[in-house]
Structure formats: C-alpha cells, structure tokens
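Visitor: Hi! I'm new to this and would like a friendly tour of a structure. Could you show it to me and talk me through it?

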Amino acid sequence: MPSIVFAVGWFSLAIVGHIVWWRVRRPRRMTATLLKYQLAMLPAGLLVGGFVPGLAGRVFGDIWDVCLFAQFHLACALAYTCIHQAIQEDSPALLTMTFVSQAGPEGCTRDDVLAALDDDLMIRPRMRDFVTAGMIELVDGRYRLTEGGRKFRRVFETIRIVFRLPRGG
Amino acid sequence: MDAWKFWLVAAPTFGLAVDVVMHLVATWIIGFRNLYYRLLFGAFWGGLLTLGLTLWAASERGLPLGETVVYALFNGFTLLVLSFGYFNLVQMNLSSLRLRIANELDEAAEGIAPERLLEMYGAHQIVDERLARLSRGGQIESRDGRYSYRLSTVYLISVAMDTTKRIVLGRRIRDSFRRK
C-alpha cells in the first residue's frame, strides 16, 4: 500500500515540476524533453523511496513494490506525453470544435472556419516541428524524408498493416 | 519471492497484453469493421483479466477487503493509462498529418516543394474533412450550411484539453484564432 501512495504522489510531483519548468522556460523540443524528464524521474523516485530517511524500508518492501512503482510511472509518463503532444499542437478536430463552439448558438459557416483556421495555423507549424525533429529536411527548396523519417514511417506502416488500418491523416 | 504479489503487481501489464491480443483477434478472426469496436473489444478483455488477476491474487494473499479494493482501483487505473497510450499509437495512423506527409515524401524520391504539399494537404482540405467527420459523428450540428456546437464527447474533450493547455502552457486554444 505505501508503494501505491508513493507512486501516485511521485508522479503528481513530477507533473508539478514539469508545469513549473514549462511556465518558466519552455524547451524547444518539448516532447523529447518531456520524455527524458519523465524517464529521469523514475530512477530519481527509486532513489528517494529507497534511501531517504523515513521512506527507506517503508515504501519499497520488496522487488514487486519497485516493479509496481516503475510500471505506474512509465505508464503515466507515456500517456501524459500523448496528452502533452495534443495540447502542444492543437489537433485540427479540436481547433475546429473550439471555433464552432466559440461561434455560439447561431453557429458559423465553413468559410468562417476557414478564415480562422488557415495553413499558418494548422499546417506550417507542423511542418516546422517535423523539420526540427529531424524527420524531414528542406533540400533545394523541396522537402525530403530523412533516415529518421523513414524509420518513423516504417514503424507506423507496420502497425497499419498489423491492425488493418486505412491510411488516414 | 512472493508469487501472489507478482500477479497482483503485474496484472495491468498482462491486461495490456490481452488487450493487444484480443484487438488482433477482433481484427483478423472476428473481423469487426469498426476500428473503435475492435479497440473496445480488446480493452474489455484486458480489463476483465486485470480485475480477475488482481482479485484472485489478493484473495490468495489474504488481503483485507479495503486493501483489495485499493489494488483493484489502482490496477484498473494503470491499465486504463496503458490502454490510452496504446490507443494513441494505433489512432496516430488515422489522424497524424505528419504520417500522411511522410507517406507522400516516401513515394516522391525527388522530394516535394512546400507549396505543392500545401496544395495537397492544405487547411481547406483538413477543415472540410473535420467538419464532415464531426457532423457525421453527431459531435456538431449542421443545418443550412451553418455549424453549431452541441454537448458532445469531442466538445467535452476540447474543454478538458483547453483547460490542460491553460495550466501547462499558459494559453488557450482560442488564442490561436486571435492572432489573425
């Protein structure tokens, strides 16, 4: 039981630390930084729970308590990274829904939506982020896939085939 | 080594494994056409296994009822979080614009000019797709060429994401509109 309380408390603390960091100075590559930070918080939590006086011997009674903590922290870290990516770059569906809901009960037309949600908001930032992440590069005025981009595509193409998914986007 | 505690702790990981296996069963053997039914089918069996393993291991260890309930809730939450990550991985294939662009670039050996990409995947096309998808799914109302919101799942998600964005990044989704 103490390991459950510690796991929940430690992840909450990690989230508070991340919010303070982001509000003070947002990193350029947010997703990669967030993942590294959350992964670093795992051994840090093990050290705190295992060696800090008052916690040592109470939080982790055996190896399974350590596994419980690691499993919970990794699961929450990966899920939170997914949520963070969605708030970092508003998804087109959320942008559209928010614009429509802002229009009030009288609603809005397709042209109203298009006037507010243009390429500068929805497409160009994603292209810039894709370049920053090293997935594509601009060579002689044309975008090309990098080796990293090819690997990224191959992983998701395999998932698409295994789960019989249509090509979306 | 406490074998029962192993099952108690590892229940969500086994639950995720069953989730993935049953998702594949729903895809290849049962043949559900709807992607979300397949995911739900997997999640249902994963949840059942997690709960079953937790209750079984807790009773074998002789845990009191209160502790058993705490473990069941904790393991249920852990599985939910794991399944959410898995759902996002699968869902990315359907909704990621980056992936779509990566597919296009993979097929164009000489690369694609930025203007051409914008012609292919411009905001107009994405907005049209989203408006159609949200209307079809009953997430927004469409009448006489006007779109208005209704209390729906996507609306509630947008409110939750907006609140999270405000807390983490200090700005709201609608702030992007104001820049225009």
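**Helices across the two chains**

Guide: Happy to! In this predicted model, let's begin with helix H8 (residues 147-162) of chain A and helix H4 (residues 97-107) of chain B: their axes come within 10 Å and cross at roughly 110 degrees.

Visitor: What does that angle make H8(A) relative to H4(B), roughly parallel or roughly perpendicular?

Guide: Roughly perpendicular, because angles of 65 to 115 degrees count that way, and that is how H8(A) stands to H4(B). H8(A) also passes H4(B) in a left-handed crossing.

Visitor: What about helix H3 of chain A and helix H7 of chain B, at what angle do their axes cross?

Guide: At roughly 90 degrees, and the axes of helix H3 (residues 63-88) of chain A and helix H7 (residues 153-169) of chain B come within 9 Å. So H3(A) is roughly perpendicular to H7(B). On the H3(A) side you'll find Tyr80(A), Ile83(A), His84(A), Ala86(A), Ile87(A) and Gln88(A), and on the H7(B) side Met161(B), Thr164(B), Lys165(B), Val168(B) and Leu169(B). The contact of H3(A) with H7(B) has seven nonpolar, three polar and one charged residues by class.

Visitor: New topic! Which domains is chain A divided into?

Guide: Domain 1 (2-88), domain 2 (90-117) and domain 3 (123-169). The C-alpha centres of domain 2 and domain 3 of chain A lie 27 Å apart.

Visitor: And what does the domain assignment of chain B give?

Guide: Domain 1 (3-95) and domain 2 (111-176). Their C-alpha centres in chain B lie 31 Å apart.

Visitor: Last one: what pLDDT does chain A average?

Guide: An average of 89, and 99% of its residues score at least 70. Chain B averages 89 too, with 98% of its residues at 70 or above. Among the elements of chain A, helix H1 (residues 2-24) has the highest mean pLDDT (95), and helix H6 (residues 119-122) has the lowest (83).

Visitor: And what does the model score for ipTM and pTM?

Guide: ipTM is 0.82 and pTM is 0.83.

How values were computed. Residues are numbered from 1 along each chain as its sequence is written. Chains are lettered from A and ligands numbered from 1 in the order in which they are written. This is a predicted model: local features need pLDDT of at least 70, side-chain atom pairs count only at pLDDT 80 or more; totals for chains, interfaces and linings use all residues. Side-chain values use heavy atoms; hydrogens and water are left out. Domain bounds come from an automatic or database domain assignment. Axes are lines fitted to C-alpha atoms, for helices over the stretch in contact, and angles run from 0 to 180 degrees between N-to-C directions. Helices (H or I, at least four residues) and strands (E, at least two) are DSSP runs, numbered from the N terminus. Angles under 35 degrees count as roughly parallel, over 145 as roughly antiparallel, 65 to 115 as roughly perpendicular and the rest as oblique. A crossing is left-handed if the near helix is turned anticlockwise from the far one by less than a right angle, and right-handed if clockwise. pLDDT is the predictor's confidence in each residue, from 0 to 100. Contact means heavy atoms within 4.5 Å. Ala, Val, Leu, Ile, Met, Phe, Trp, Tyr, Cys and Pro count as nonpolar, Asp, Glu, Lys and Arg as charged, and the others, Gly among them, as polar.
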